[in-house]
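A short report is enough.

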Amino acid sequence: MSIDRRQFLTVGGAVLASVALAPGMRLIELAQARSPDEAVTSLQRWGMLVDTTRCAEGCSACVTACNKENGLQQNVRLDIRPQWIRTVTLRDEHTGYVQTLPMMCQHCEEPPCADVCPTGASFRRADGIVLVDRHICIGCRYCMMACPYKARSFVHENLTDQRANVPRGKGTVEACTMCVHRVDEGRIPACVEACNSDGGKALTFGDMKDPASEIAKRLATQQSEEIRPDLALDTGVRYQGL
Amino acid sequence: MAMNQKKRILGAWITAIVAIAVCFGAAYALSGGPDTPVPSPLTGVYLGKGKKCVAPVSVMRRYHMQFLLNQRTLTVHEGIRTKRFLLTNCVDCHADPKTHSVLGKHGFCASCHEYAAVQIDCFSCHSPHPQRLTAESAITLAPQHSRLAEMVKTTAITQIQSDPVDGPQ
Ligand code: SF4
Ligand code: SF4
């Protein structure tokens, strides 16, 4: 009882179909939690929603939390001080209306920083977080020039007091990592946590591809916008109330 | 005369053969199989908190750099943070409880690399201190008073001591 070619193809097709099903089934699993030995996938995209109407003038809870979490020394000269997140104050010239908002790496879907990087050090992780692999970075700073949001900093001097989970060193470029070390543990970024406890509760973090997440629901039902949408970078950080 | 010449040629041959044998022997000893003992400078060095390393000692001595290299790519690019070969995990275990560091004269990493004359670059970016200590918030806010800053000063971590650059950026 030998199987002919047609039969063989049918069986093969069935096997392929069941293999193809497997990743679909894992979708549900991954949306809940990722174990430490599982690689990140594009089934998720981490993002942040900033409600600028809640962002109070003079508040800098997110900035302080970021500096603390990532061990960004503030006792260095202003012109070389690392800055992963900053607050920007906008004033309407005609009405005098003043607005503040946090500005950091926007975790672009099409990141210009990665496009121009000659070494491949700047890259976008499968789950949307844009990072610098400092092992590869040569410190050319092309990415700093390319970033439309001025989100990146260069480490100018030797460092001695890095956080264990946030390695940083002289001669490399750095920017907001969306607290990747926390996200990989299933926690939220330090700025979001601080804003929710000490600030105006302006920041929401989550998986934009998970329809059940708060951020996805709000993005689907409320108005929000990118900064510089004309650049078509499809940013992972979006703003409301601009 | 002819006899003398022959002797000299024979002598040269013997010297050459012995030299080649010595070279091969040395090369064999250096490349060594897994059973060849690795010379160890570890006297008076704190070895680690755990009873056993994540792999046999002979394997770790020879291959820890490959493990770390492989792990760094997995961690940075794919977010894989299994503890086995994670540098933070190595440091947590191997940091000397007195100096809280893997660097310094008797530091687990520094002492061996100094002995082997291998300059490592890991700790210009990575913290040589256990996670539990670097998690202290005081570091950033008041570096001159923090416990960690004090330790850095007192344990003479020359390799990573800052060397401020004031030139143009
Ligand atoms: S905001 Fe700047 S640094 Fe961040 S991904 Fe976009 S181009 Fe790169
Ligand atoms: S500074 Fe580093 S990350 Fe930026 S473009 Fe150059 S090599 Fe790439």
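## Basis

This is a predicted model, in which local features need pLDDT of at least 70, side-chain atom pairs count only at pLDDT 80 or more, and totals for chains, interfaces and linings use all residues. Residues are numbered from 1 along each chain as its sequence is written, chains are lettered from A and ligands numbered from 1 in the order in which they are written, and side-chain values use heavy atoms, without hydrogens and water.

## The helix pair

In chain A, helix α2 (residues 61–70) packs with helix α6 (residues 190–197) at an angle of about 140°, and their axes are 8 Å apart. Helices (H or I, at least four residues) and strands (E, at least two) are DSSP runs, numbered from the N terminus. Axes are lines fitted to C-alpha atoms, for helices over the stretch in contact, and angles run from 0 to 180 degrees between N-to-C directions.

The residues in contact (heavy atoms within 4.5 Å) are A:Ala61, A:Cys62, A:Ala65 and A:Glu69 of α2(A), with A:Ala190, A:Cys191 and A:Ala194 of α6(A).

## The sheet

Three strands form an open sheet in chain A, in the order β8-β1-β9 and with mixed pairing. Two strands pair if DSSP finds at least two bridges between them. Because β8 (203–207) and β9 (237–240) of chain A are edge strands with a single partner each, one side of each has no neighbour in the sheet. On average, neighbouring strands of this sheet are turned by 20° against each other, direction ignored.

Strand β1 (residues 46–51) of chain A pairs with β9(A) in the parallel sense over 4 bridges. A:Val237 in β9(A) is opposite A:Met48. Helix α6(A) lies across β1 and β8 of chain A and runs at about 135° to β8(A).
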